[in-house]
Amino acid sequence: MQPHENTGHPRRWAILGVLVISLLVVVLDNTILNVALRTLADPVHGLGASQGELEWSINSYTLVFAGLLFTFGVLGDRAGRKRFLLVGLVLFGLASLLSAYAQSPAQLIGARALMGVGGAAIMPVTLSIISNVFDPRERGRAIGVWAGAVGLAVAIGPILGGALLEHYWWGSVFLINVPVVAAGVVLVALLVPESRDPEPGRVDVPGVLLSVVGLVALTYGIIDGGEHGFGRPLVWVSILGGLAVLTWFVLLELRSDHPSLDVRLFRVPRFAAPVALVGLVFFAAMGVMFFSSFYLQLARGYTPLQTGLLFLPFAAAQLVFAPRSAAMVRRYGGRAVAAVGLALTSVALAAFAFIDASTPIWVVLVVFLLQGIGMANIMPPATESIMSALPREKAGVGSAVSNTVRQVAGALGVAVLGSVLSAVYRDDVAPALRGLPAGAHEAASESISGAYAAAGQLGPTGPTLVTAANDAFVSAMHWAAALSAVVAALGFVVVLRWMPGRALDRAAGAPATAGEPELAGTA
């Protein structure tokens, strides 16, 4: 027996490159659309979409994507991960083509929902394929590259979107996906080996259905509350109903002899702690990414392309540090690396509570860099801990749980922090709106974007309204940033109390000990 023999696939690094391409197109498209919203609202150069239609062009994707992530991760383990990846890529490419040539907002919303189906099939299987083609000793480094690709796509999406909109029509932000997807399909077919759970057992149909219903209801309530306020009964019916269905799902899985998710895994710190950490970090980070884009474009006056370029330090940090986090974990342990990453991330998020419209832009760039370095040293060790808690044949479950938590937490972060932002903004800008015409008053009180639009029609009093709106927005941003930093800091409790240290990191391949769920080991 050769104890140090590498059990990874001979073409594993080439396979990783193909998976990164597949992942990039999914994450990139979700951020690239944000810079096209203003163009889509234009009745001449876009589709003349209303505010509600613009919101649903984003939310139809998020809702379907979040609702199906867990189910597709489980089904990918059964039906074959390569097959699911190919089907997801084809659906995503077809939906991108339909989105590019949509003739109405309704067609765009429907095409985006289809893109969500494709994206939900792609993302969980990329991570589970990595777990199957890499030896456990290399898996941390590979997951670091995977996490770096996610961060890179989040940051370069606005850059690419701004560049395309400066030279081409709005549909180009979707059409660019088609050749990338086509190349991805060919490379996946040639390079990626098929893998599946060799003993899948029966399909947990009730569990699968309950997970979809619960996640869709919860995500819908979060999104709708973030956009229209949490005072409406429909929002709480959706949120509480989703939580009730997910509770039913957990109780059903505890009694099932063939569960789609062994919920006993959440008793294992190596699995449960990083899942909680991922949720907290993405809640805080996605909310800050949401309002920082408005801060740069409106309060600071940068174009969409310039705004995208200002996110480059975040992207560069992800690209450089995420692949190296595995070596740091081997040397110092996952707990220490995640704690340092949380410290940097919390400091960066808290810094936004002190940034205003006159802050030198280099300070903002340094803050983005710190946030990128911090998150690059949180996500890979957390994801590796989640994946190592499961045997290779169950990798889709771990991937699905990780991605579902990240998606729902990100949506919740945007909704909650966005609500805080809106509430503080409305209170602070109210004195400056007295005496304005009804239309201008309503638009300016809704958002800083509305204030800028109203100011353009007010003549000499317009600049005064812009100044008041900027001041109110910056004040609101400070409150939202402080809340996001507190949420990120809660991760310290999770890391220090439950995250495995160096001793458990080294014993990751050991069989599960008595009293732990069977899936917690890698024997």
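Leaving aside neighbours within four places in sequence, which residues is F352 in contact with? They are V288, F291, S292, V367, F368, M477, H478 and A481. This is a predicted model. Its chain has 22 helices and zero strands. Of its 523 residues, 54% are buried.

**Confidence**

- The average pLDDT over the chain is 78.
- A score of at least 70 is reached by 88% of the residues.

**Overall fold and surface**

- Take the contacts in the chain with a separation of 6 or more: 81% of them join residues 24 or more positions apart.

**Nonpolar cores**

- The largest nonpolar core counts 119 residues.
- F291, F352 and Y425 have the most contacts inside this core.
- Helix α11, residues 269-299, gives the core its largest share, with 16 residues.
- There is also a second, separate core of 24 residues.
- Among the members of this second core are F70, L261, L265 and A411.

**Aromatic pairs**

- The whole structure holds seven aromatic pairs.
- One of them joins W13 and F134 in an edge-to-face arrangement. The ring centres are 4.8 Å apart, with 75 degrees between the planes.
- This pair links distant parts of the chain, 121 residues apart. W13 sits in helix α1 (residues 12-32). F134 sits in the loop between α5 (105-133) and α6 (136-167).
- W13 counts as partly exposed because its relative accessibility is 34%. F134 counts as buried because its relative accessibility is 0%.
- Y101 and W169 form a tilted pair. Here the centres are 5.7 Å apart and the planes make 40 degrees.
- This pair too links distant parts of the chain, 68 residues apart. Y101 is in the loop between α4 (81-100) and α5. W169 is in the loop between α6 and α7 (172-175).
- Y101 has a relative accessible area of 47%, so Y101 is partly exposed. W169 has 38%, so W169 is partly exposed.
- Ring pairs also tie F311, F352 and F368 into a cluster. F368 is one of the residues in contact with F352, and F352 is among those with the most contacts inside the largest core.

**Helix α15**

- Helix α15 covers residues 334-351 and has 18 residues.
- From its first C-alpha to its last, α15 reaches 26 Å, close to the 26 Å expected at 1.5 Å a residue.
- The buried residues in α15 are G334, V337, A338, A339, G341, L342, T345, S346, A348 and L349.
- Why can residues three or four places apart point the same way?

**Around L69**

- L69 belongs to helix α3, residues 51-79.
- L69 is buried because its relative accessible area is 0%.
- The C-alpha atoms of L69 and A121 are separated by 7.1 Å. Along the chain, these two residues are 52 residues apart.

Methods: Residues are numbered from 1 along each chain as its sequence is written. This is a predicted model: local features need pLDDT of at least 70, side-chain atom pairs count only at pLDDT 80 or more; totals for chains, interfaces and linings use all residues. Side-chain values use heavy atoms; hydrogens and water are left out. Rings of Phe, Tyr and Trp (its six-membered ring) pair if their centres lie within 6.5 Å; planes under 30 degrees apart count as stacked, over 60 as edge-to-face and the rest as tilted. Helices (H or I, at least four residues) and strands (E, at least two) are DSSP runs, numbered from the N terminus. Buried means under 20% relative accessible area, exposed over 50%, partly exposed in between (1.4 Å probe, protein chains only). The expected span of a helix is 1.5 Å times one less than its number of residues. A nonpolar core is a set of buried Ala, Val, Leu, Ile, Met, Phe, Trp, Tyr and Cys residues joined through side-chain atoms within 4.5 Å. Contact means heavy atoms within 4.5 Å. pLDDT is the predictor's confidence in each residue, from 0 to 100.
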